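User: I would like to go through how the labels on this structure were reached. Please set each value against its cut-off.

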Amino acid sequence: MSSTPKHIALLCNPTPHNSKALIVLNTIVKILNQKAIPFSIFTTTWPAQLENFSEAWIIGGDGTLNYFINQYKDVQLPLTIFAG
């Protein structure tokens, strides 16, 4: 088991026609703050690499997921996908 502290990358597509993603993101942020779990939010600009994170949570639709898969082809992190 890894001793790396948990730090979650929240990757969201906040386009105007995708306001549901922002609602989901705000709910997730509230819960993570209550549980004191560290996270970083990425909306318009995503990090080049995810090596500093323990998990990646993707918030959006099929376009967001497609972008993630093409951007991070060799990702080895646990992934969570939230429909938004």
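Analyst: This is a predicted model. A search of the whole structure finds five aromatic pairs.

User: What makes the pair of Phe42 and Phe53 edge-to-face?

Analyst: The ring centres of Phe42 and Phe53 are 5.7 Å apart, and a pair needs centres within 6.5 Å. Their planes stand at 90°, and edge-to-face applies over 60 degrees, so the pair is edge-to-face. Phe42 lies in strand S2 and Phe53 in the loop between S2 and S3, so the pair ties together parts eleven residues apart in sequence. Both Phe42 and Phe53 are buried.

User: Why is the pair of Trp57 and Phe82 called tilted?

Analyst: The ring centres of Trp57 and Phe82 are 5.6 Å apart and the planes are at 50°. Stacked requires under 30 degrees and edge-to-face over 60, so the pair is tilted. The pair links distant parts of the chain, with Trp57 in strand S3 and Phe82 in strand S4, 25 residues apart.

User: Which residues form a cluster through ring pairs?

Analyst: Trp46, Tyr67, Phe68 and Tyr72 are linked into a cluster by ring pairs.

User: What makes the contact of Lys6 and Glu55 a salt bridge?

Analyst: The N to O distance between the side chains of Lys6 and Glu55 is 3.1 Å, and the cut-off is within 4 Å. The structure holds one salt bridge. Lys6, in the segment before S1, and Glu55, in strand S3, are 49 residues apart. Lys6 is at 41% relative accessibility and so counts as partly exposed, while Glu55, at 14%, counts as buried.

User: How do you know that the length of helix H1 agrees with its number of residues?

Analyst: H1 has 16 residues (19–34), which at 1.5 Å a residue should span 22 Å; its end C-alpha atoms are 23 Å apart, so the two agree.

User: How do you know on which side of H1 the buried residues lie?

Analyst: The buried residues of H1 are Ala21, Val24, Leu25, Ile28, Val29 and Leu32. They cover an arc of only 140° around the axis, which puts them on the same side of H1. The face turned away from that side carries the exposed residues Ile23, Asn26, Lys30 and Gln34.

User: What covers the buried residues of H1?

Analyst: The cover includes strands S1 (8–12), S2 (39–42), S3 (55–60) and S4 (79–83).

Methods:
Residues numbered from 1 in each chain as written. Predicted model: local features only at pLDDT ≥ 70, side-chain atom pairs only at ≥ 80, totals over all residues. Heavy atoms only, no water. Helix = DSSP H or I, 4+ residues; strand = E, 2+ residues; numbered from the N terminus. Expected span 1.5 Å × (residues − 1). Buried < 20%, exposed > 50% of the residue type's maximum accessible area, 1.4 Å probe, protein only. Arc of directions from axis to C-beta. Contact = heavy atoms within 4.5 Å. Phe/Tyr/Trp six-rings, centres within 6.5 Å; stacked < 30°, edge-to-face > 60°.
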